[in-house]
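Visitor: I am new to this structure and would like to learn how to read a few of its features. Could we look at it together?

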Amino acid sequence: MNTSDFSIRHIGIDENTIQTLLKKINADSVQQLIEQTLPASILGQKELNLPKPVSEHEMILLSKKLASKNILFNSYIGFGYFGTILPAPIQRNIFENPGWYTAYTPYQAEISQGRLEALLNFQTVISDLTGFPLTNASLLDEGTAASEAMHMLYEARPKTQNESTKFFISEEVYPQTIAVVKTKAMGLGIDIVTGNHQNFSFDETFFGALVQYPAKHGEIFDYSNFISRAKLSNIKVVMAADILALTVLTPPAELGADVAVGSTQRFGIPMGYGGPSAAYFACREDYKRNIPGRIIGVSKDKHGNPALRMSLQTREQHIKRERATSNICTSQVLLAVMAGMYAVYHGAKGLKSIASDIHLKTILLKEHLHSVGFNISEEPFFDTVKIYISEEEKEEIKKLFESLQINLNYFSYGILSISLDETVSDEQFAVILSLFLRYKGSEFKKLNSPLNPNIPENLIRKSEFLTHEVFKKYHTETEFMRYIKKLERKDIALNYSMISLGSCTMKLNAAAEMLPLSWTEWNSLHPFVPQEQAKGYFQMIHELERYLAEITGFAGTSLQPNSGAQGEYTGLMVIREYLKSKGERRRNVALIPQSAHGTNPASAAIAGLKVVVVKNLENGEFDLEDLKQKAELHKDTLAAVMITYPSTYGFFDTNVKEIIHLIHSYGGQVYMDGANMNAQVAYTSPGYIGADVCHLNLHKTFAIPHGGGGPGIGPICVAKHLIPFLPTTNAPFNEKERLTLSSSPYGSALVANISYAYIRMLGYRGLKKATAAAILNANYLKEKLAPHYPILYTNQHGRVAHELIVDFRPFKSFGIEVADIAKRLMDYGFHAPTVSFPVPGTLMIEPTESESMAELDRFADSLISIKKEIDEIAEGKYSPEDNVIKNAPHTLEEVTSDTWEHAYSRQKAAYPLEWILEKKFWASVGKIDDAYGDRNLTCTCNPVLS
C-alpha cells in the first residue's frame with residue numbers, strides 16, 4: 001500500500017474490489033465498462049497536461065509555500081469587507097467539523113433539524129436587526145442579494161407600473177454592488193440610473209431604488225425623506241445595510257424601506273480574499289411568494305411536535321422553471337450557520353459591545369485627525385473616517401502606511417477613508433493614529449472634549465433585538481459547545497453514511513484539502529488589496545483556472561461565479577455578449593431539453609433569453625427530430641442550446657455531436673451544463689465533444705463540501721472566441737462594459753484552495769481512476785437493485801453513467817409514494833437520493849467514487865429490505881395506512897413510548913436489518929406536515945425550539 005498515493009484515500013474501492021464489482025456487472029475490465037458507457041464518438045481524450053500528483057503531506061507543504069506569498073497587511077479598506085474575530089468554538093466545532101460542512105441542503109427535513117434550527121437562528125438575527133418579518137436563509141453575497149432585490153421588485157410591480165423599467169442606485173452604494181446589479185439588469189431589460197440620492201427626482205418610469213446604509217465611505221444618511229419621496233411615486237426602496245451597524249442604527253424597516261440586503265461577513269466570517277460569506281435578504285411579508293432563496297419555517301410533525309422545514313418550496317426553480325424570479329438554488333448555509341452562531345455566542349449585549357467599541361475608536365480617530373488639520377467629512381458615521389485629500393497627499397500617506405503593512409481605502413478620487421473593525425486593538429489603534437500624526441509632523445495630544453456617539457438621535461436604535469432565549473443561554477464555551485453538538489447529532493452528513501443524491505456528487509471532502517482554509521495567510525486577505533500582496537492567491541487561482549480549462553478542453557476559465565446556477569447564468573451572459581459583439585442581438589432563443597434541471601430555464605430567462613423546450617424520447621435521449629424542427633423554426637433568433645451531459649436521466653446521449661453540429665450550423669452556441677462532469681473527467685470533455693462553454697460545480701466534481709447548502713463555486717470554461725467576454729476581475733469593479741457576477745473579483749476565492757488541492761493530489765491518473773470508480777459504483781448498484789425495482793434509462797449496452805434512476809411509481813397502487821420511501825430510508829440510517837427529479841415518482845441515485853463496497857451493499861440492502869416491506873403491504877399483511885413505510889421515520893420517543901398501537905413490531909420499525917443495531921441513527925422528529933408549515937408561515941425563532 002503506497003501511503004503517498006492520495007487516490008487510495010479518496011476512492012472507496014481498491015483494485016481487488018474493482019475486480020469483484022466488474023465481475024458482478026459482467027464486465028471484463030474497467031476499459032470495457034467505459035467503452036460500454038461512453039459513446040465511441042466522444043472517447044479519445046488525450047492525456048491531460050496536469051502536474052504529477054503529490055501526497056497529502058506534500059500538498060500541505062505546497063499550500064504553506066503558496067500561502068507565504070500572500071503578504072498579510074492590516075486592511076482597513078472597508079467597502080463591504082472587514083476584519084473579524086471568528087470565535088474559536090465556532091471554528092473548531094462547525095467550520096472544521098465534517099458533521100456540519102459535509103451535510104446537504106435540508107430537503108429531507110426530518111434528518112436535518114440541527115442545521116435547520118441553526119438557520120432559523122440566522123433568520124431571527126436578520127429579522128430582528130433589519131426589522132422585517134420575512135427573511136431567507138442567506139444568499140451568495142451582498143451584490144447578488146441587491147440584484148435579486150431589484151429583480152424581485154421588478155417582477156412584483158403592479159400592472160399599472162408595467163412601463164416602469166428604471167431602477168435608481170445611489171452613487172454611495174459599494175461599486176462592486178453597482179457592477180453586479182448592472183449586469184443583472186442587462187438581461188432583464190432594466191435601465192440603471194445612478195446619482196445623488198439627496199437631490200434625485202423620481203418619476204413614473206422608476207419602480208425601485210437602492211441605497212447604502214452606512215454609505216460606501218462611512219457616512220450615515222437619514223433616508224427617511226428619500227423613502228417618503230419614493231413612496232409618493234409607488235417606488236420601492238432597497239437598503240443595503242451593514243449588519244453590525246444595525247445593532248446601533250435604526251433598522252431599515254423602521255425607516256420605511258421595503259427590502260434590506262447585506263452581508264453577514266462581519267459576524268465572525270474571515271474575509272477569505274472575498275468569500276465565501278453569507279448575504280442576507282429581508283423584506284415585508286407581501287413578498288413571501290417572490291423572495292429568492294430558501295426560507296426555513298416552523299411546522300409540526302405527525303405527533304404534533306414542533307419541527308422545522310424549508311417553506312414555500314413552490315417558489316423554486318424545479319417547479320417554476322423559466323417563471324422563477326431567481327435562478328439561485330444554492331445559498332451559503334455553512335457561513336450562515338457560523339454567522340448565526342456568532343450572534344448566539346455573543347448575544348445582543350456582546351454585539352452592542354463590539355459595535356460600540358468600534359464606533360468609539362472611530363470617533364477618537366476622527367477627533368485626533370481633525371485636531372491636526374485633516375479635512376474630515378462632517379457627516380455622521382459608524383466605523384469609517386472619510387478624509388478629503390489631494391491625490392498627491394494620498395500617495396504620500398499610502399507609502400507611509402504601507403511601510404508598516406497597513407492598507408487604507410484609496411479608491412475614490414480626492415478621498416481617503418479608513419474603516420475600523422473588531423480586530424483593531426488599542427495597540428493597533430495607536431499605530432494608526434501615530435502614522436497620521438507623523439505625516440502631519442504633530443505629536444499626540446490628549447483630547448479635552450468628551451467623546452459622544454456620532455449618530456443622529458433619530459437614527460440611534462431604540463428597538464430591542466435578539467430577545468429570544470437561544471441568544472441568552474449559550475455565552476459560556478461549555479454550554480455553547482454542547483448546544484452545537486446537540487444540533488449536529490440531529491443531522492445525517494457524510495461523516496455518518498453515504499448521501500447518494502443524484503446530480504449532486506456527494507464525494508469525500510478530504511481533510512488535507514480543507515486544512516488551509518483555517519490559515520490566516522489564506523483566510524484574512526481583503527479582496528481589494530494590491531495584487532502584490534496576494535501573489536499566493538494569484539498563483540493558486542491562475543493555476544486552477546488552467547487545470548480546469550485543460551480538464552474541460554477549453555481555452556479560458558472564470559472562477560467568479562459562486563454557485564452552479566450563477567455559472568449557468570454567466571455562461572449564457574457570455575454567449576449573449578459574444579453575439580452582441582457580432583451584431584446579432586436578435587439571437588435570443590435558448591433551446592432546453594425538458595429533462596434539464598430547473599435552474600437551466602430560470603438562468604436563461606434571467607439572461608434575457610426566450611426558453612423553447614425540446615422533447616426527450618421515451619428512452620431518455622434528446623429528441624433529435626424535435627430539435628431540428630425547433631432549430632429551423634428559430635434559425636434567425638437561435639442563441640444557444642443548453643445540454644446536460646451525461647443527461648439528468650443518467651446516461652450519455654449517443655447523438656450529442658450531431659446535436660452540437662446542428663446548433664452550430666444555425667449560428668447558435670452550445671452551453672454544456674457541468675453538473676454531471678464527474679462522469680467525464682479524463683475520459684472526454686465538453687471542449688473535445690464540441691461545446692463552446694460549460695460551467696462546473698466545484699462543490700460536486702472537484703470536492704468542495706456542500707456545507708448543508710453552500711458554499712459553492714460555479715466557474716465557467718470557454719472556447720477561445722469567448723474569452724474576451726469573461727467577467728472582469730478588476731477590483732473594485734470600475735469597468736463599465738464587462739460582466740460582473742460576484743461582489744469580489746474571484747468569488748468565493750478561499751474555498752478554491754480545496755479544488756486546487758484535489759486536482760494536485762489526484763493528478764491525471766487519479767482523476768481518471770475516480771471517474772471510472774464513480775461509473776463502476778453506479779453500475780454495481782444498478783445490478784443489485786434491478787431484480788427488485790424498475791431501472792429507468794440505460795444505454796444500448798444496459799449501462800448507466802455515474803447515476804441511475806429507480807422507479808417507484810408501480811407502488812402507488814398500494815398507497816406508497818416515493819416520498820414515503822425517502823422517509824423510510826431514514827430508519828435505515830440513510831439520506832434519501834434525489835426525489836422525483838428528473839422523473840416524478842423516482843429516486844435518482846449517485847454513489848460517487850468515494851464509497852466502499854460495504855457501504856454500497858448497506859444502501860442496496862436497505863432498499864431491497866424496503867421492497868420486501870412493500871411486498872408485505874401488497875400481500876395484505878399490513879394495511880396501506882398502518883405500515884413501517886407510511887409511518888416513517890420512527891423516532892426514539894415513539895419506539896420507547898409506553899403505548900404501541902401499530903400492527904408491526906418496534907424492532908421492525910427501528911431495527912429492520914441486523915447491522916443497524918451497531919449503527920442506529922434516530923430522526924429527531926416524525927414525518928413533518930408540510931402543508932401546515934406553509935399555511936402558518938413562521939420564519940423566526942419559536943421559543944419552544946430554543
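Guide: Let us begin with the idea of burial: a residue is called buried when its relative accessible area is under 20%, exposed when that area is over 50%, and partly exposed in between. Please keep in mind that what you see is a predicted model.

Visitor: How many of the residues of helix α9 are buried?

Guide: Eleven of the 14 residues of α9 are buried, so this helix is largely enclosed by the rest of the structure. Among the buried residues are Ile178, Val180, Val181 and Leu188, and the list also includes Gln176, Thr183 and Lys184.

Visitor: What do the buried residues of α9 pack against?

Guide: They pack against the helices α8 (142-155), α20 (564-581) and α21 (599-606), and also against the strands β3 (166-170), β4 (191-195) and β5 (206-213).

Visitor: What span should the 14 residues of α9 have, and how far apart are its end C-alpha atoms?

Guide: At 1.5 Å a residue, helix α9 (residues 175-188) should span 20 Å, and because its end C-alpha atoms are 20 Å apart, the model agrees with that expectation. Just after α9 comes Gly189, which takes a positive phi of about 75 degrees.

Visitor: Let us turn to charged side chains; how many salt bridges does the structure hold?

Guide: The structure holds 44 salt bridges, where such a bridge requires a side-chain nitrogen of Lys or Arg within 4 Å of a carboxyl oxygen of Asp or Glu. One of them joins the side chains of Asp242 and Arg266, at 2.8 Å from N to O. This pair links distant parts of the chain, 24 residues apart, with Asp242 in the loop between β6 (236-241) and α11 (252-255) and Arg266 in the loop between β7 (259-263) and β8 (279-283).

Visitor: Is Asp242 buried or exposed, and is Arg266 buried or exposed?

Guide: Asp242 counts as buried because its relative accessibility is 10%, and Arg266 is buried as well, with a relative accessible area of 6%.

Visitor: Which salt bridge does Asp286 form with Arg284, and at what distance?

Guide: The side chains of Asp286 and Arg284 meet at 2.8 Å, N to O. Asp286 counts as exposed, at 57% relative accessibility, while Arg284 is partly exposed, at 23%. Through salt bridges that share partners, Lys231, Asp258, Arg284 and Asp286 are joined into one network.

Visitor: Where Glu584 and Arg587 meet in a salt bridge, what is the N to O distance?

Guide: The distance for Glu584 and Arg587 is 3.5 Å, and both of these residues are buried.

Key:
Residues numbered from 1 in each chain as written. Predicted model: local features only at pLDDT ≥ 70, side-chain atom pairs only at ≥ 80, totals over all residues. Heavy atoms only, no water. Helix = DSSP H or I, 4+ residues; strand = E, 2+ residues; numbered from the N terminus. Expected span 1.5 Å × (residues − 1). Buried < 20%, exposed > 50% of the residue type's maximum accessible area, 1.4 Å probe, protein only. Contact = heavy atoms within 4.5 Å.
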